[in-house]
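I opened a new entry for this chain.

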Amino acid sequence: MKQSIEDHAARFDEKAAEYDDSKSDEYRACASLVIDHAAPGSDEAVLDLGTGTGAIALPLAEDAKRVVGRDISAGMLEQAREKATERGLDSVEFGEGRFREPNVPDDAEVDVVTTNFAMHHLSDAEKRAALDVVADLEPGRVVLGDVMFFGEPDPEEPFYSPDVDDPATVGVLADAFTDAGYALTAVEPVHEQVGVLVAERVTGVDGVETPVGDSDAETDP
Ligand SMILES: C[S@@+](CC[C@H](N)C(=O)[O-])C[C@H]1O[C@@H](n2cnc3c(N)ncnc32)[C@H](O)[C@@H]1O
């Protein structure tokens with residue numbers, strides 16, 4: 001992380017009121033894909049990390065049983081809460097939480113985790129740690145939209161600020177998902193530096209996880 005959590009939070013507090021006003025086509029396409037892939041059922045609960053002003057959490061709350069939005073910026077969370085009230089949504093709740101300490105309510109199941117345009121603030125090692133924390137919550141599906149490099153990183157491009165952002169390559173993200181026990185089921189490039197990854201929890205037959213090298217898992221010839 002190139003800035004402290006407090007610095008990131010202060011930066012987003014400052015821009016919270018105007019955050020929704022100027023969004024690139026790529027950001028919109030990415031958010032739309034995250035919403036489409038998350039597609040929670042009416043019996044599913046969603047955790048949205050780096051929820052900001054609720055671009056993902058609010059539309060998902062129309063369909064999900066429950067949506068928990070977590071962010072480090074009080075200003076962004078305030079905007080999200082106002083929008084939830086305006087839309088009459090009572091299935092969504094916003095509060096403080098961070099990627100590596102999501103602060104999930106004790107009574108919340110997590111079926112789907114979403115995050116859009118937020119994880120690139122973390123270093124690659126921090127992204128790995130965050131995905132491990134997410135995996136411990138055992139969601140069936142994780143949908144990550146973000147700045148990510150499909151080819152060579154180009155610091156001249158406008159999708160990230162090299163002084164504060166730290167996007168990963170798609171390969172690094174794919175490895176982190178695999179190591180956390182998830183398999184990529186969709187890769188949606190939006191731009192050379194923006195995309196959406198969908199990952200599903202790896203389970204064996206009948207939902208029983210089968211560790212690699214487990215001799216009991218071998219079948220007789
Ligand atoms: C570019 S905004 C994206 C907001 C929203 N997901 C969207 O699609 O519009 C990034 C958000 O990530 C939050 N953020 C940055 N670092 C974070 C962290 N370590 N944990 C949780 N949220 C974080 C920021 O406060 C900000 O609200």
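This is a predicted model: local features need pLDDT of at least 70, side-chain atom pairs count only at pLDDT 80 or more; totals for chains, interfaces and linings use all residues.

**Overall shape**

Along the principal axes, the C-alpha atoms fill a box of roughly 65 × 40 × 30 Å.

I then looked up the secondary structure. The chain has 6 helices and 8 strands. Their order along the sequence is α-α-β-α-β-α-β-β-α-β-β-α-β-β.

**Contacts and core**

I looked at burial next: 41% of the 221 residues are buried. Among contacts with a separation of 6 or more, 68% join residues 24 or more positions apart.

The largest nonpolar core holds 57 residues. Cys30, Val34, Ala57, Leu60, Val67 and Val196 have the most contacts inside it. I followed Cys30: beyond four places in sequence, Cys30 touches residues including Asn116, Phe117 and Gly145, as well as Val190, Val194 and Val196.

**Val46**

I picked Val46, which sits in strand E1 (residues 45–49). Is Val46 buried or exposed? Val46 is buried, because 28 C-beta neighbours lie inside 10 Å and the cut-off is 20 or more. Beyond four places in sequence, the contacts of Val46 include Leu60, Val67, Asp111 and Thr114. From Val46 to Asp146 I noted 100 residues in sequence and 18 Å in space, C-alpha to C-alpha.

**Ligand shell**

I listed 21 residues around the ligand; Gly50, Gly52, Arg98, Asn116 and Ala118 come nearest. By class, the shell has 12 nonpolar, 7 polar and 2 charged residues. Helix H1 (residues 5–15) gives the most, with 4 residues.

Definitions and conventions: Residues are numbered from 1 along each chain as its sequence is written. A nonpolar core is a set of buried Ala, Val, Leu, Ile, Met, Phe, Trp, Tyr and Cys residues joined through C-beta atoms within 7 Å. A residue is buried if 20 or more other C-beta atoms lie within 10 Å of its own, exposed if 12 or fewer, and partly exposed in between; C-beta atoms are placed from the backbone. Two residues are in contact if their C-beta atoms, placed from the backbone, lie within 7 Å. Helices (H or I, at least four residues) and strands (E, at least two) are DSSP runs, numbered from the N terminus. A residue is near a molecule or strand if its C-beta atom, placed from the backbone, lies within 6 Å of it. Ala, Val, Leu, Ile, Met, Phe, Trp, Tyr, Cys and Pro count as nonpolar, Asp, Glu, Lys and Arg as charged, and the others, Gly among them, as polar.
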